[in-house]
Amino acid sequence: MTRVGVALSGGGHRASVWAAGLLLYLADAGRNGDVGVIASVSGGSITNGVVAQQMDYRQARADEVREGLGPLLHHIAYTGLFFWGPSTNRPTLWPLH
């Protein structure tokens with residue numbers, strides 16, 4: 001059995017989108033089952049973290065990978081922000097009295 005190691009680089013939201021594209025490509029090609037390890041830094045780690053939280057990448061179908069990465073890609077495309085997750089500076093979270 002072939003094992004593939006994947007390295008996802010840094011570079012902010014561009015790296016996150018590139019990493020998502022790579023992982024989607026591997027899933028579309030039916031090769032995600034061959035991935036033994038995914039290493040990442042910076043922006044690539046955002047995508048890696050989302051994948052790790054949302055699915056078992058090696059077992060996921062391509063449509064499951066796409067669905068799992070959809071919220072991250074939507075967030076990056078529509079907010080232009082690199083940060084993922086809920087905001088911590090909303091007044092509703094920290095009311096000032």
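## Close-up views of a predicted protein model

**View 1. The whole protein and its surface.** The protein exposes about 6,300 Å², and carbon and sulfur atoms supply 59% of that area; accessible areas come from the Shrake-Rupley method with a 1.4 Å probe, and for residues only the protein chains shown count as cover. This is a predicted model, in which local features need pLDDT of at least 70 and side-chain atom pairs count only at pLDDT 80 or more, while totals for chains, interfaces and linings use all residues. Residues are numbered from 1 along each chain as its sequence is written, and side-chain values use heavy atoms, with hydrogens and water left out.

**View 2. T47 in helix α2.** Look for T47 in helix α2, which covers residues 42–54. T47 counts as buried because its relative accessibility is 0% (buried means under 20% relative accessible area, exposed over 50%, partly exposed in between, with a 1.4 Å probe and protein chains only). Its side chain reaches the backbone oxygen of S16 at 2.7 Å. Beyond its neighbours within four places in sequence, T47 is in contact with S16, A19, A20, L23, L69 and L72 (contact means heavy atoms within 4.5 Å).

**View 3. V50, also in helix α2.** Here is V50, another residue of helix α2. V50 counts as buried because its relative accessibility is 4%. V50 and A20 are 30 residues apart along the chain, and their C-alpha atoms are separated by 9.7 Å.

Technical notes. Helix = DSSP H or I, 4+ residues; strand = E, 2+ residues; numbered from the N terminus. Polar contact = N/O pair within 3.5 Å; in protein donor to acceptor, adjacent residues only side chain to side chain.
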